[in-house]
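Here is a short briefing on a structure. Read it with the coordinates open.

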Amino acid sequence: MSKNLKNVVKALKKAGFGGVSAQEWRKSIVLSGQVKTWEDKIKAGYAAARKGYKGVVNDIEVPGSVTDAMSVPQVRDKALEGRHFDVVVIGGGVTGCAIIRELARFDLKVALLEKEEDVARHASSRNDGMIHDGFAASPGTKKAHYNVRGNAAYTQVCKELGVDFKRPGSMILFGHPLYRLAVPILIARARKNGLSEYRFVSQTQVNAMVPNVVPKHFGGFFLPSAGILSPFKLTIAFAENAVTNGAQVFFHTVVSGFDREHGKIIKIKTNRGDLSAGIVVNAAGIWSDKIAAHADDRFFSLHGRKGVDAILDLKTGQYQPIIMAMPPLVGGNKHTKGGGLITTPEGNLLVGPNAYETPFREEYSTRPEDIEQIMVHLHLNTKLSKADIITYFAGIRACTYEEDFVIEASETVENLVHVAGIQSPGLASAPAIAEDVAGIVTGLLKKKMDVKRNERFNPVRKANPELKGLDLKTRAELIRKNPAYGRIVCRCEEISEGEVIDALHSPVPATTLDGLKRRARVGAGRCQGGFCTPRVLEIMSKEMDVSMLEIKKKGENSEILLEETKGHVDYSNKKIKKTA
Amino acid sequence: MSQDKKWDVIVIGGGPAGMAAAVSAHDSGARVCIIEREERLGGILKQCIHDGFGLVKFEEKLTGPEYAGRFIQMVEERDIPVFLNSFLVELKKQGDDFTLTLVNSTESVFSLSSAAIVLAMGCRERTSKQIFIHGERPAGVINAGLAQYLINIQGYMPTKRCVILGSGDIGLIMARRLTLEGAEVEGVYEVLPEPSGLTRNIVQCLEDYRIPLHLSTTVTKVHGKNRVEGVTVSQVKDFRPVPGTERYIECDALILSVGLIPENDIIEPMRVAMDGKTRGPCVDQNMMTLVDGMFSCGNCLHVNDLVDYVSESGEIAGTHAARYAKSRDRKRELIPLKMSGDLMYVVPQQLDLSTGNQATIYFRSNRIYKKAVLRVFSDGTEHLTEKYRIIKPPEMERVSLDLSKVPPGTREVGIELKGTR
């Protein structure tokens, strides 16, 4: 028995999991056996982590524990049969979309396969949009490295992609005078992670920065580089810029397996036919361990950690100009920064998230206790109340037991690259991860072919106009050019028909009601679509040339209207007599 | 339409409150216009094809569109200008005047100004998340008012078998409407021990169609990922679900009628004094808010159960907005109308003694009482006493107070309801 294996067995025993067996497999450690609860399985996984192995593969069974299978599209066709691409990226989250945009800089045939009907359907639309400063990641980890690099890249990335990005900075608020003793430790960590800006701020300074801050605090540690953006708008922007530069995105396409020969993937099997690729990039989010398994390269396993965020009314953002949290002095959950308050570029305040382990990977229901847990942050600002909540949502983080990203070329499959375990701060890290992955991919390709730069690559994406924030003169000009910008459809968010139409005809267009919400914010406001839904359905029906009955909220089987009424008459082309 | 001229009164919203306000303002000699964000006048009445409107105002049983039609006719007869499809993006008070910035497709961005404004923006529905419903976010969780629009205006069914949560009037009306359209309404569930809608709606919409009403019961979870597959309901005690009483109901939609919220977001930046109970601005008996020249009426002032009272408050607001525009130098003598006892809320919250007119006071009790006595008094003098045989929160009551009876110099008028259960 190797020394590392001995250490794992010892650690498992110490944690109370003597019945769990551990075996070496290549450079990883595989756990098997049975435990009573899902929490125990996760604990055993962590007990075995960081004992000198490349990864923990946790195959422990939990009798009676229910989990979910990956949701797969119903479509079966041969649309991709026999197609060949230089690079196929699996997964249309922020990571996958950032990668295809980086790859579009090269003269390569690039395809992205996404099993859902849109990009950013899972973790990339289910997070708070924070571009972390890089302070929280453990020094020396990939997380710390990519976070700091990614954060720095965002100013330019967002400028190029036309994505609203703000750097309000993040405050770790001190709830006890003893925190101040920790300031030198905080500074040392910030330095270790390579942050360029960080400072202690006094109580008076905090009060000046956040006039409605909770009165009882003792100053804080401020990280000015922390930012905020819309994670789904960013993901869509990455995808759109990649598409306009030649990359292709295929929705409703799920990878069900690989054919391999001589240590190489020769065939990618999908529900839309079998295709081939020079390089396969595994950016499949919470399912990337499953994709790795298809290539017999599952050297890590993922587990889901759920979190819930609440969205507060648009009027609340003005009271919270910076990102703020007050972590507990001792204890707390070691796997999360514990959540806090963050104002989105649009002006909503987000509260949360919390964190707990879940056996599910795509199950996004919320619970009353989630709201109770995240509401503790409300007291940090005296202007906020529970009545300001307009909605809440859950997301699931894809965690490895090493609590770090997996970004590397496969050691056993010569044309496979893994980009896995990209949980927080994955969004903040995306531009840097994409840059390195593009480097790995082109490095591998260069062994087989000539890789040239794409001379026509244009990094600039012309974003659709958002009229609400514009000065009145520019707004008037736009309306004169396109009167549809003058017809307000969504009253809460002040979104015009023109903006809805734009989103339905973009390079990666909205195809569902939720897709429109992510792009144009219709239905994202305080009435949650109560008023605008009928009008938006009419616009979608006309622009997409489909019946109202075919329009979906999200994905398959999510139709909004089920049938016509008994005396249905189509008035859509009839003229209405105006009263003035 | 010229945008340069100044209006005496601008009415924001062309529903029943706004139209009544505009007609009254016009009849009181004001130059008035209406701004409306939708393509037709009528507000929510356009989709209320059931009858029962106008019993108080017209002594007739009208449908919503018919009731709206009466007012649309009055607006047209008076040639009151209406800016349709025009959306108010900013409201400001500069000096004595109000400036409104609007957007529409023909005039792009334009502004209007006036001496007085009447707020008549109506209300919106409380959503599933505002009452903390949990589960995923599938298609099929919709508000009753939205369901009503989809069915009555667009001609589409959002459900074949549904559960209705909340016994508010729209929910009750929709229970009947859905049944008539061939959908199955499994039941109406109400978290409170008493229904929130009008008794006549309970009888005519539920009992007549044998739709069960489950009181002290609520929906605790929505099931389904992409489309609603079912809901879990639980009995409720002290606002908490009672463990062990859960029941799973298969359905394709959850329709919510869980309360209405006055829409006052446009005045939020102006920091107008608001009533936490009504969620509308505090007003005097002339419907003037505590901002001089700003009037409020209808459902953005407080949520009414009958449209007739919506129009009535619009008439008061319109008449007095016109008067204000003519004689702005008059100073108000505001004193609080202070409520006590078993009241949920009172409108107006202030009385202006300088006008000495009749004040219509709207109020609701905080719960059902078999007997109740309402008193209005000041400095030991009783101005008004009214006895009620049965009084309940869903049914708004109103009394008329002769302000000439309130002596000058009075600091405060009290209003008290004493109920017996």
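The points below cover the interface, the cores, the strands and some backbone details.

This is a predicted model, in which local features need pLDDT of at least 70, side-chain atom pairs count only at pLDDT 80 or more, and totals for chains, interfaces and linings use all residues. Residues are numbered from 1 along each chain as its sequence is written, while chains are lettered from A and ligands numbered from 1 in the order in which they are written. Helices (H or I, at least four residues) and strands (E, at least two) are DSSP runs, numbered from the N terminus.

**Interface between the chains**

- Chain A brings 51 residues into contact with 50 residues of chain B. Contact means that the C-beta atoms of two residues, placed from the backbone, lie within 7 Å.
- On the side of chain A that touches chain B, at least two residues come from each of α9 (368-374), β21 (389-399), α11 (472-481), α14 (533-544) and β26 (563-564) of chain A.
- That side of chain A has 23 nonpolar, 15 charged and 13 polar residues. Here Ala, Val, Leu, Ile, Met, Phe, Trp, Tyr, Cys and Pro count as nonpolar, Asp, Glu, Lys and Arg as charged, and the others, Gly among them, as polar.
- Two strands pair if DSSP finds at least two bridges between them.
- Within this pair, Glu563(A) is opposite Met157(B).

**Nonpolar cores**

- The largest nonpolar core holds 149 residues, and Val9(B), Ile10(B), Ala21(B), Val118(B), Leu254(B), Phe295(B) and Ala321(B) touch the most other members. A nonpolar core is a set of buried Ala, Val, Leu, Ile, Met, Phe, Trp, Tyr and Cys residues joined through C-beta atoms within 7 Å.
- Helix α6 (residues 307-326) of chain B gives the most to this core, 9 residues.
- Leaving out residues up to four places away in sequence, Val9(B) touches several residues, including Ala25(B), Val32(B), Ser114(B), Val118(B) and Ala322(B).
- Another core, of 146 residues, lies apart from it and includes Phe17(A), Val157(A), Val243(A) and Ile279(A).
- A residue is buried if 20 or more other C-beta atoms lie within 10 Å of its own, exposed if 12 or fewer, and partly exposed in between, with C-beta atoms placed from the backbone.

**Around β5 of chain A**

- Strand β5 (residues 110-113) of chain A points Val110(A) and Leu112(A) one way and Ala111(A) and Leu113(A) the other, and all are buried.
- Strand β4 (residues 84-90) of chain A runs parallel to β5(A), with 4 bridges. Val87(A) is opposite Val110(A).
- A right-handed β-α-β unit is made by β4(A), helix α3 (residues 94-103) of chain A and β5(A). Right-handed means that, with the strands pointing away from the viewer, the path from the first strand over the helix to the second runs clockwise.
- β5(A) also runs parallel to strand β12 (residues 248-250) of chain A, through 3 bridges. Ala111(A) faces Gln248(A) there.

**Helix α7 of chain A**

- Helix α7 (residues 231-244) of chain A has 14 residues and should span 20 Å at 1.5 Å a residue, which agrees with its end C-alpha atoms being 20 Å apart. The expected span is 1.5 Å times one less than the number of residues.
- 13 of the 14 residues of α7(A) are buried, so the helix is largely enclosed by the rest of the structure.

**Pairing in chain B**

- Strands β23 (residues 334-341) and β25 (residues 350-352) of chain B pair antiparallel over 3 bridges. Leu334(B) is opposite Asp352(B).
- β23(B) also runs parallel to strand β30 (residues 413-420) of chain B, with 5 bridges. Lys338(B) is opposite Gly414(B).

**Backbone details**

- Gly352(A) and Pro353(A) are joined by a cis peptide bond, with omega about -5°. Pro353(A) lies in the loop between β19 (349-352) and β20 (356-358) of chain A.
- Val347(B) and Pro348(B) are also joined by a cis peptide bond, with omega about 5°.
- His252(A) is not a glycine, yet its phi is positive, near 55°. His252(A) counts as buried because it has 20 C-beta neighbours inside 10 Å.
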